[in-house]
Amino acid sequence: MDFLRPMSWADALAARAEHPGALPIQGGTDVMVEINFDVHRPDALLDLNPVRELAEWDTVDGRLRVGAGVPYVRVISELGDRLPGLAQASRTVGSPQIRNRGSVGGNLGAASPAGDSHPPLLAGDAVIEVESAARGVRMIPATEFYLGVKRNALEPDELIRAFWTDPAPGPQYFSKIGTRNAMVIAVCSFAIALHPAERRVGTGVGSAAPTPRRATAAEEFLAAELDWENRTPLAVSAAQRFGELVKEAASPIDDVRGTADYRRHALSVMARRTLTWAWNDYMGKSRKEAS
Ligand SMILES: Cc1cc2nc3c(=O)[nH]c(=O)nc-3n(C[C@H](O)[C@H](O)[C@H](O)COP(=O)(O)OP(=O)(O)OC[C@H]3O[C@@H](n4cnc5c(N)ncnc54)[C@H](O)[C@@H]3O)c2cc1C
C-alpha cells in the first residue's frame with residue numbers, strides 16, 4: 001500500500017486527482033479501524049496531517065471557518081465558547097485519545113448516521129467547504145451533505161477543506177443516549193440551536209434515520225410558539241408537542257444498539273430536555289440584561 005504525504009492543500013488536491021484509489025486519512029480513528037478489520041484495502045493512503053491549513057480555524061466576515069482536521073479536543077478548548085453545541089457533542093466522542101486524533105472533517109468523511117458532530121452542524125446551519133483540483137470550491141449546506149448510510153456528497157476527486165458556521169447566536173445544546181457514559185456510539189442523539197435574532201430554531205437528529213436530519217416541522221412549530229420578545233416561560237404543552245414532532249421526524253430501525261420504538265421515545269425526551277435547557281438560558285439572559 002502506498003503512503004502519500006502532501007505538504008500543502010494544493011498538493012493534497014493534486015494527489016487526490018492523480019490517485020483516485022487513495023483513501024484520505026486525518027486522525028485515522030475510523031480509517032485505521034476499517035483497515036485493521038479488512039473493511040478496506042485501499043491502493044494508497046493520502047495522509048492529510050501535514051497540511052497545515054486543515055488544522056487551522058479562523059473568523060471570516062463574522063463567520064467561523066474551521067479546518068477539517070481540527071481535532072475534537074481543540075473544538076472543545078478553543079471553540080467551546082463560540083460553538084457550545086458542537087463542543088458538547090465533541091465531549092461525548094470516544095475517549096481522550098479519540099478526541100485528540102479524531103476530527104469533524106473525519107466525521108463528515110465517514111458520514112455515519114451516528115456521528116456526533118452532525119446534529120449540531122445541522123442545527124447551526126453549517127456549510128461544508130469541499131474542493132477539487134479540477135473544479136475548485138463547492139459550498140454544500142449540511143442539509144445536503146448526507147446522502148445515505150455512510151454516503152456523503154463528496155465527488156471522488158474532492159476533499160473536505162472546512163466547515164463554516166456562525167458563532168452561536170443563542171443557546172445551543174446536544175444530548176446523546178448510549179448504553180454507557182463514554183466510548184459509546186449513539187443509540188440516538190439530538191441537537192438544538194436557538195437563533196433569536198431571526199426568531200428561528202435549528203435542530204439535528206442523529207442515529208435515528210439513514211442520515212442525520214433536521215426536524216423541520218418541529219422547528220417551525222417551536223419558532224412560532226416561543227415568546228421571543230417577552231421571554232416568558234415555556235408552556236409544558238409546547239415542549240411536549242415539540243418532542244412529538246421531533247419523534248415524528250425520525251425513521252429509525254431496530255438494531256443491536258436499540259429498537260426503533262426506544263429511539264423515538266428517547267428523541268422526544270431529549271428534544272424536550274434540550275429545549276428546556278436552551279429556553280431557560282435565554283430567559284436567564286433576559287433577567288441579567290434587565291438587572
Ligand atoms: C474507540 C472509538 C470510539 C469512537 N467513538 C465515537 C463517538 O463517540 N462518536 C463519533 O461520532 N465517532 C466515534 N468514533 C469514530 C471516529 O472517531 C469519528 O468518526 C472521527 O470523527 C473520525 O475522525 P478522523 O479524523 O479520525 O477521521 P479518519 O479516520 O482519518 O477518516 C474518516 C473518514 O473520513 C475521510 N476523510 C478524513 N478527512 C477527510 C478530508 N479532509 N476530506 C475527505 N475525506 C476525509 C476518510 O477517508 C475516512 O473515510 C470512534 C472511533 C473509535 C475507534
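The centres of domain 1 and domain 2, taken over C-alpha atoms, sit 36 Å apart. Those domains cover residues 1-47 and 172-290 of the protein chain, with bounds that come from an automatic or database domain assignment. This is a predicted model, so to speak a computed one: local features need pLDDT of at least 70, side-chain atom pairs count only at pLDDT 80 or more, and totals for chains, interfaces and linings use all residues. Residues are numbered from 1 along each chain as its sequence is written.

Now for the ligand. Its shell holds 30 residues, and Gly 27, Thr 29, Gly 94, Gly 106 and Gly 109 come nearest; a residue is counted as near if its C-beta atom, placed from the backbone, lies within 6 Å. Helix H6 (104-110) is among the elements that supply at least two shell residues each, along with strand E2 (22-25), helix H2 (31-36), helix H5 (96-101) and strand E10 (159-165). H6 gives the largest share, five residues. Helices (H or I, at least four residues) and strands (E, at least two) are DSSP runs, numbered from the N terminus. By type, the shell splits into 14 nonpolar, 13 polar and three charged residues. Here Ala, Val, Leu, Ile, Met, Phe, Trp, Tyr, Cys and Pro count as nonpolar, Asp, Glu, Lys and Arg as charged, and the others, Gly among them, as polar.

As for residues 1-170, their end C-alpha atoms lie 47 Å apart, and the span is 32% helix and 26% strand.
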